[in-house]
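Try each one yourself before reading its solution.

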Amino acid sequence: MLSARLSIAKSASVSAGLAAARSGRSLAVKTASILGQQQKQNLSHYCSLHNGSQQKLLGKKSAMAALGSKPAVQLASSQQYVGRRNFSGARVHMSNDAVAAASRLARTGAKIDVKKVLVVGSGGLSIGQAGEFDYSGSQAIKALKESNIETVLVNPNIATVQTSHELADHVYFSPVTPQYLAQIIEKERPDAIMLAFGGQTALNCGVQLEKMGVLKQFNVQVLGTSVRTLELSEDRDLFASALKDIGIPVAQSTAVDTVQDALAAAEEIGYPVIVRSAYALGGLGSGFAANESELHSLANQSLSLCPQILVEKSMRGWKEVEYEVVRDAQDNCVTVCNMENFDPLGIHTGDSIVVAPSQTLSDEEYHMLRTAAIKIVRHMGVVGECNVQYALNPHSLEYCVIEMNARLSRSSALASKATGYPLAFVAAKIGLGWTLPELQNSVTTTTTACFEPSLDYIVTKIPRWDLSKFNHVSRDIGSCMKSVGEVMAIGRTFEESLQKAIRSVDPSFAGFGPLAEFMPQEESELDEMLRSPTDRRLFYLAYAMMERGYSVERLHELTRIDRWFLYKLENICNVHHALKDPHKTLQNLGRAQLETAKRTGFSDAQIAKLLSTTEDAVRAERNKLGLRPFAKRIDTLAGEFPAPTNYLYTTYNASTDDVTFNEHGTMVLGSGVYRIGSSVEFDWCGVSAIRALRQLGHKTIMVNYNPETVSTDFDECDRLYFDELSYERVRDIYEMEKAGGVIVSVGGQLPQNIALRLHQNNVRVLGTSPEKIDAAEDRHRFSQILDQIGVDQPAWKELVSVEDAEQFADSVGYPVLIRPSYVLSGAAMNVAYDAASLRNHLQLAASVSPEHPVVVTKFIRGARELDIDAVAYQGQLIKHAVSEHIEDAGVHSGDASLILPPANLSAAVLQRVKEIGGKVAKAFEISGPFNMQIIMQRNEETPDHPDLKVIECNLRASRSFPFVSKVADSNFVDAATRAIVGEGVPQPVDLMQDAAKWPYTAIKVPQFSWTRLAGADPFLGVEMSSTGEVACFGKTPAEAYLVSLLSTNGFRLPVPGKSVYIGVDDLTEPRIARKVAHHFASAGYPVLTDSKETAQMLAGNGDCSVDAKVVKFDYENRRTLRDEVFDSNIDLVVNLAKHRPSAKTNTNYAMRRMAVDFGIPLVNDQRCAEMLVDALQALPNGAATALYGSQKLNIQTPVDVKRWQQYLDMKP
């Protein structure tokens, strides 16, 4: 089988496919040259041959300089605006008539005959596929719109910027699946489709659409890289064979599709081996295996998640290097950025610290890999952007290619922000047939896209993990990505850049230094922590160097991290020790030593801690000494030529500013790193705020450090500071810019946490007073205010001691809820069912919120939860929306499914909720956005008048603001921004007044990433665990819920005739369990369960009686488990248990985990299970869910598609 596959890979048909792919769309490209022929030849020659080395921090000559042209001259007569909103930050300064003519044409249309393009989005954010695709997709749509092309976007991620009215002409909130895309293509009849801007999801769909014949049937062109090239790059075996044809080394490997073939391949290659998955994102299903047993287990799981795996010789310990390459259909190539992993090979690049440009490569190594990258991209026929990853032997020139992504990727977004080269924008234009010499770099406005960036700074990317949120999850990191976000920091030295990045990951990290919880006393334990990478290895390194005296050489032997990086860390350690000298004080430190510390990346707070003083004292001292950061531009030109970019960062390794501070703009603080609880929805809020400010005539300043965001795109604001969101840096920028004010309420929890301190230090915080924000964040004060204004809430008590908490719990009755202050996504929030769990949870809550009180409240079982998103002005409610949770109260609102308009609330309840919102707005004098969660509990004495109790209030925009804004077709952040600045404030309106008459419903459901987190319990509770969300519309709640579920990664309806596996515990409602079992049994699905007791309960009495078969699995035996599960033909797991287990031996935990590990759809909440059954029963043909027997329902597209605007137009 293996040899046959290899022979196919090398066949003439593959060669023909490569030739066809290499030709790209060149036949469709007009031959008329816009540039003079000689200049075009020179530019093309420069593009492919100019060394473009980024090894040295000070850059090379520009393309124009290489051609003998004069530096760019700004001509007032040729100034014009580009970009969707004509932002001054994207002003064009033409320097050459030929280039000017080319750029003008490239902005007005396409070289190929397309009028309408379908852009495929990536869906809900998950580990491995996150916000970077909102950024790249938004840039692509901007490029298409600039060329006057009608755009159709398919993306169910309602929180994204790209799904706003301002961008695509038509938006479908529909599942990104081949079947749904086929429906949309049939309906919209686009001329072309773009697959490169929606991650692995879009790419896989494109390949399937080609195989289904849909693209050919409807005559749809694939813009940019061809489907054949995508297939060759994704099929591990074909890709390896293609590279061998051009003499590019690849690791010794074999592609297999069975476990036995994997074992045979490893036997031939020799252990250790690495397993890589085909058609998978973020290293899903990949890992290292040191022996046959490990490989058997890994291959079992990997082949459950993807059709093919590659068994490859391990090169653990080699360097990992990446190149971002751009190629057009005329074969012009540039390498835009090269990046180097701080960690050696063995850690997925998404989980590795990454540095750009590379720092440890020799000139020979750099050019060797650059030349190979261009050779690969040309041979494979990539048209657009491509990422090539290498393994490089640190002791020789030996290298091999790890993989190639023939699409925009996470690394592409990083490279784009690191260099100032708009990769996605250029790739989209190339897809329309334009060539690199004809395109202008919209960021610099002084160079063409045929220019390789030069950097006079260093960029450091560090991932953000949230592994502590999950039970039973290993902290080890390896070839399967686990991080949920990333930060990017810019500095003039590696030390400065690294320390800024560390602080950006989490405000509790001061910089490079040891953390108290990561200080093992035994040397052998420390060595193991250094040898085996975890999400905290950087802090173990700091401890080893600063506290235990480990040498660079010893650390290199343990970690295989390049010595260059370790010596840089040693520089930080030296400054650390100098500051920690007991004889040193702030008064005798001296300017030179303080300046050295700041240039090495030390924050004021860091220095203060080492000198046993306060951050404000350090700030005052450096201000007295005239030490402040300077604002520098990212211009891609290393300062060689004038470039009017608005893309800035601050550094102490400079002596002048690159800009004058005369705009006095309004600062908007962004969301920072994406993490569980704060993701792309807050980027949408930030972008919406900036757009509203610009409409009001304000100059805008965005501060953010997240490379995945649209808010850090060059044309969204007047000035962008890619920098920390710390108190120190925000105040620095505010004082430098002499800003008109700061908006802290659209970026999530991070800006809120520094609002009060900014306010106390004479920073003008706009909107709701920070003192009121602080009162709402403090659980105790908030509860007191609610009592004063007569708003009901669950019984509560501020923690004084553990004994006091136990007395309170005894008085109100267990369960109780522990609620720390100033935390995000329910961190350390837990339900205690007894005294022992209460003590454990209190200890955790005190550790995550040590400076603020912990409140214990009565936990209400069986209640429903409501969300109210609102905007107020000077204490008066001007706009609000009420969403209803499907799940019972007790599931974090970020993990809950939200219905808008609510399906089960009377007009009287909606009015009471509005009144509560009005009371809170008045009490806290709110001007801006706010969000509340309210418990609705049935009152036995007054059944028509349920109890409404407020459990949470945030005086900021919430994660559901994009959802309610797009469903109600009323931008809440636009209104909130106007309220914050007090200009153009809209009149009060009650959007919910006729909610019962809305002719459509939208439902937002969570997107989880359980498959990424080995061992994590797929369980819903009070602490948030979802990584993203999707939302879809329907004529009814049932329709909307079903299509929303189908939009999540990993969910599908079960194939007819296959089995449904059901599990319960003592808190499960038997009625719901029987209803679910009866539905599937009636539709022809065998029902299985894991115990006789459950089978007896399902048998029950009455109409819903089901004869369930008992099937038990040996979950401990991973060798046999996969075969047993597949022999049982299970295609859906419904686990309705409500107890959170503490041990892996719990059968409900094992059942849920089995479903995730083997790629079986899982329903893990009883209300959601009931909603699913109701939705299926509401479909045509009653209980049918599939093509089964006499029923004729398509399980892959059970609901027809409609444009977003079509639903909105249904409203009277």
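The exercises below use a predicted model and look at a sheet, a helix and a serine.

**Exercise 1.** Work out the strand order of the open sheet formed by seven strands, and find its edge strands.

*Solution.* Start with the order, which reads 16-15-12-13-14-17-18, with antiparallel pairing. Next, look for strands that pair on one side only: these are strand 16 (399–405) and strand 18 (485–491), the edge strands. Finally, follow the twist, which averages 25° from one strand to the next.

**Exercise 2.** Describe how strand 15 is joined to strand 16, and find what lies across them.

*Solution.* First, count the bridges: six of them join strand 15 (residues 384–392) to strand 16, and the two strands run antiparallel.

**Exercise 3.** Is Ser711 buried or exposed, and which side chains does its own side chain meet in polar contacts?

*Solution.* Begin with the location: Ser711 sits in the loop between strand 22 (700–704) and strand 23 (719–722). Its relative accessibility is 1%, and the cut-off for buried is under 20%, so Ser711 counts as buried. Now take the polar contacts: the side chain of Ser711 meets that of Asp683 at 2.6 Å and that of Asn704 at 3.2 Å. To complete the surroundings, leave out residues up to four places away in sequence; Ser711 then touches Asp683, Val687, Met702, Asn704 and Leu720.

Definitions and conventions
Residues are numbered from 1 along each chain as its sequence is written. This is a predicted model: local features need pLDDT of at least 70, side-chain atom pairs count only at pLDDT 80 or more; totals for chains, interfaces and linings use all residues. Side-chain values use heavy atoms; hydrogens and water are left out. Two strands pair if DSSP finds at least two bridges between them. Helices (H or I, at least four residues) and strands (E, at least two) are DSSP runs, numbered from the N terminus. Axes are lines fitted to C-alpha atoms, for helices over the stretch in contact, and angles run from 0 to 180 degrees between N-to-C directions. Contact means heavy atoms within 4.5 Å. Buried means under 20% relative accessible area, exposed over 50%, partly exposed in between (1.4 Å probe, protein chains only). A polar contact is a pair of N or O atoms within 3.5 Å; within protein, one must be able to donate a hydrogen and the other to accept it, and residues adjacent in sequence count only if both atoms are side-chain atoms.
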